[in-house]
Amino acid sequence: MQALSKNFFLYLSNNKTLDRLAKRWGPKFGASQIVGGETFEEAIPLIKQLNEQGLHLTVDHLGEFVNSEEVAKERAHECVETIRHIHQHQLNSEVSLKLTSLGLDIRHDLVWDNMIMIMEEAKKCNVVVTIDMEDSTRTEKTLDIYKSLKEKYDNVGTVIQSYLYRTDQDIDDLNTYNPYLRLVKGAYKEPSDVAFTDKPDVDNNLKHIIKKNLLNGHYTAIASHDDAMIDFTKQFAKENNIQTDQFEFQMLYGMRNQTQLDLVKEGYKVRVYLPYGDDWYGYFMRRLAERPANVAFALKGVFKK
Ligand code: FDA
């Protein structure tokens with residue numbers, strides 16, 4: 001049943017007609033509870049409020065799979081504007097982005113030039129940029145771009161997904177780059193020749209790469225709402241004398257709010273991933289696929305907005 005609903009929402013996440021309709025509706029049907037607003041300006045009061053609660057942020061301008069050069073350039077300029085706003089308003093926030101929104105599927109030099117423009121502004125404004133990881137057909141290209149950027153900029157991170165078989169090797173390959181990595185389980189529908197399909201394998205591999213990346217001495221973001229992963233990290237850090245300034249927990253906005261605040265009270269660094277923009281449909285469907293209980297939460301939202 002759970003696998004069925006996961007596949008159903010992942011299937012819907014790729015439906016172009018519903019995606020187009022969703023843009024017209026604006027973030028409704030529960031999406032408004034996990035999305036910060038339709039524009040960055042709209043999200044600023046919320047970011048300030050979360051910062052005041054001791055939470056760090058990373059903001060993501062929703063959008064992916066762009067196939068027009070003009071839109072990809074627009075996206076890059078919007079990202080630069082967001083970085084400027086973060087700096088001007090002195091917000092405690094990083095930026096997350098998806099390379100397919102900046103032209104990854106169009107031309108290498110387009111996405112590269114867009115990233116250089118973004119990273120130059122980020123360097124000037126002292127803002128960290130994390131490249132989200134998309135589906136496995138884009139992993140290699142994303143990591144190649146990450147590695148080339150990391151040779152030029154310190155303030156860039158990326159994401160590693162524990163459901164992929166290749167992940168252990170990727171952690172080894174990235175070791176010499178002093179990487180800033182967000183470790184996740186993985187959110188896309190992947191075939192069994194590239195990814196573990198059994199949840200315990202995905203969970204065990206996440207624990208494995210958390211250990212490995214921390215023992216490699218790299219600052220690590222553990223992005224999971226799963227108590228088992230959070231408890232594992234706390235315990236492992238204690239046993240291996242890894243200080244709390246060597247890692248952070250990351251969670252999505254609107255998920256496990258109380259747990260986020262409890263972790264802050266316990267002295268851990270917590271970063272909230274806050275998406276904004278009108279392109280919320282794919283993001284929202286992937287969240288529903290991850291946790292069918294979110295359906296009930298979403299339906300409540302229908303009556304709220
Ligand atoms: P999982 O879905 O495995 O659930 C395990 C258990 O955790 C559940 O049984 C429940 O007990 C608890 N739980 C989970 N969600 C809960 C909730 N909302 N409320 C209460 N309990 C809950 N993916 C990707 O492919 N590329 C990326 O770039 C990113 N980026 C990213 C950033 C951040 C900050 C986060 C938190 C996640 C991502 N992801 C991602 C998504 C990630 O890959 C994964 O799909 C989701 O985090 C779901 O996996 P979890 O480990 O959170 O819990």
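Buried means under 20% relative accessible area, exposed over 50%, and partly exposed in between, with a 1.4 Å probe and protein chains only. This is a predicted model, where local features need pLDDT of at least 70, side-chain atom pairs count only at pLDDT 80 or more, and totals for chains, interfaces and linings use all residues. Residues are numbered from 1 along each chain as its sequence is written, and side-chain values use heavy atoms, without hydrogens or water.

Stop 1: Select F247, which is buried at a relative accessible area of 1%. Rings of Phe, Tyr and Trp (its six-membered ring) pair if their centres lie within 6.5 Å; planes under 30 degrees apart are stacked, over 60 edge-to-face, the rest tilted.

**Stop 2: helix α9.** Select residues 227-239. Helices (H or I, at least four residues) and strands (E, at least two) are DSSP runs, numbered from the N terminus. F232 and F236 sit 4 residues apart here, about one turn of the helix. Both are buried. Their rings are stacked, at 6.0 Å and 15 degrees.

**Stop 3: strand β4.** Select residues 156-161; 6 of the 6 are buried. V156, T158 and I160 point one way, while G157, V159 and Q161 point the other. Show β3 (residues 129-131), which pairs with β4 in the parallel sense over 3 bridges; strands pair if DSSP finds at least two bridges between them. I131 stands opposite T158. Then show β5 (residues 180-184), parallel to β4 over 5 bridges. Here V159 faces R182.
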